[in-house]
Amino acid sequence: MYERSSVVELAESLRGELNRYSVGGKLPSSRALVERYRVSPVTVSRALAQLAAEGLVVTRPGAGVFRAQPRAQAPDPGDTSWQAVALSAEGAGEVVPRSVDASGVMVTLAAPPAGVIELHSGYLHSSLQPERAMAAALARAGRRPGVWGRPPVEGLAELRDWFAREIGGAVGAADVLVTSGGQSALTTALRALAPPGAPILVESPTYPGLLAIARASGCRPVPVPVDERGVRPELLAAAFEATGARVFVCQPLFQNPTGAVLSDERRGEVLRIARAAGAFVVEDDYARALAHEDAGPLPATLAAEDGDGVVVHVRSLTKVTSPSLRVGALAARGPVFDRLRAIQVVDSFFVPRPLQEAALELVGAPAWPRHLKAVATELRHRRDVLAGALRRDLPRLEVPHPPLGGYQLWARPGGGVDDVAFAAAALRAGVAVAPGRAYFCAEPPGPFVRLSFAGVAGAGELTEAVRRLRSGPGDALGVGVGGGLRPDA
């Protein structure tokens, strides 16, 4: 397999030599470049493809590679300041003006500077991804008959059936809609269930991407507090009564960010309360495949226990595979399914068939259960390493409830330390963490930070991160070993 650094270096060298050739002049053959630079033919092919994508060379099959005509000078960008007025007037007259703010999501998607340890990531590190299995699945999918044809708008029948079996209960393939990952599924669900201006009940704290979806749709997220046993039913009932909401979005299993699991006695209550309010429960089951080795038997999905079509279930393969394998599912029974399907068709038609075929190949391969087991083992190990290092070296950075699934610790600095200040100091020390205030749609009850242990290369980076935090924000803000905040913190 080619090394990306070799491709970058070769492309840079060739880019610097282009002035030696006239426009339309032929570059050395691939074989000559292999011999000159002592790289593989694949590296040469990738580097030339990069130059072609930049418009610097033109490839003519059977003839060779030639220097391209230089691009004309870029035109004046013009004056776009008028857009500020047009965009600010967009929400005039709306009950709840739309607010497109991706800042909370971008914290987990942004690539930090080189050398920074990523405790803010929302995805598995490449070392935990089933890269070989995914590559093999993609190759097999590419050989399937009709792979480049148009799939059914609801998704491939075999993939829908697989998702239905994973969800369980009375959910069948006909109740499943294949989506482009979990974020897309949540967007479709909220658009289908809540008109602009409507209140949407959400757990507090909750996933910032959900809050961004709600606000971008012109809906009003209303917080319902979560404790170590999940959402509090008495507050959920009160919120339904006070707001008239018809949607409640929750993560009953390994809730993001707290890691809480909805307790057995509360599961039935949540469904009963929603049914009495004539409301839907959107169950975001994002972390079922991220259960740790010591999690024990997992509770069934809420969808499996729902007999009245209350639950709209969201599931995705992305979190346990790769950020780029954006294949997920929505499951719903009753008339709401037709609305979900209609919205997805209007938005994106369907999920590309090659991606669906590759997902089907992946989950049906012998490597799939081995991958899930390896992830469960490694996530438990990383959780224990990070939690142990925090207890030992940063005891004031409290983690009340270490989770049995998911990929993050929800930590409270203590002493009234500001989460944004802590995150900024951590970044200066070489560690990227996520400030907690983006996880609350109302005033947070206190400062929190989210520490992910999935996006690093190994457990050694976790202990190094804690060492840096101790000497950085832990020392500067007084949350390291030694007790309370200093007077100057």
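These legends describe close-up views of a predicted model. Local features need pLDDT of at least 70, side-chain atom pairs count only at pLDDT 80 or more, and totals for chains, interfaces and linings use all residues. Residues are numbered from 1 along each chain as its sequence is written, and side-chain values use heavy atoms, without hydrogens or water.

**View 1. Helix 8 along its length.** Helix 8 covers residues 181–193. Helices are DSSP runs (H or I, at least four residues) and strands likewise (E, at least two), numbered from the N terminus. Buried residues (under 20% relative accessible area; exposed is over 50%, partly exposed in between; 1.4 Å probe, protein chains only) of helix 8 include Gly 181, Ala 185, Leu 186 and Leu 190.

**View 2. Helix 8 against helix 12.** The axes of helix 8 and helix 12 (residues 336–348) come within 9 Å and cross at roughly 120 degrees. Axes are lines fitted to C-alpha atoms over the stretch in contact, and angles run from 0 to 180 degrees between N-to-C directions. The two helices are therefore oblique to each other. Oblique is what remains after under 35 degrees (roughly parallel), over 145 (roughly antiparallel) and 65 to 115 (roughly perpendicular). Contact means heavy atoms within 4.5 Å. Among the contact residues are Thr 188 and Arg 191 of helix 8, and Arg 339 and Asp 347 of helix 12.

**View 3. Helix 8 against helix 9.** Helix 9 spans residues 208–216. Its axis and that of helix 8 come within 10 Å and cross at roughly 35 degrees. Gln 183, Leu 186, Thr 187 and Leu 190 of helix 8 meet Gly 209, Leu 210, Ile 213 and Ala 214 of helix 9.

View 4. Ser 204 sits in strand 5 (residues 199–204). It is buried, at 14% relative accessible area. Ser 204 touches Phe 440, among others. The bond from Ser 204 to Pro 205 is cis, with omega near 5 degrees. The bond from Asn 256 to Pro 257 is also cis, with omega near 20 degrees.

**View 5. Positive phi at two phenylalanines.** Phe 254 has phi near 55 degrees. Its loop joins strand 8 and helix 11. Phe 254 is buried, at 2% relative accessibility. Phe 349 has phi near 70 degrees. Phe 349 lies between helix 12 and helix 13 and is exposed, at 52%.

Conventions. Lists of a residue's contacts leave out its neighbours within four places in sequence.
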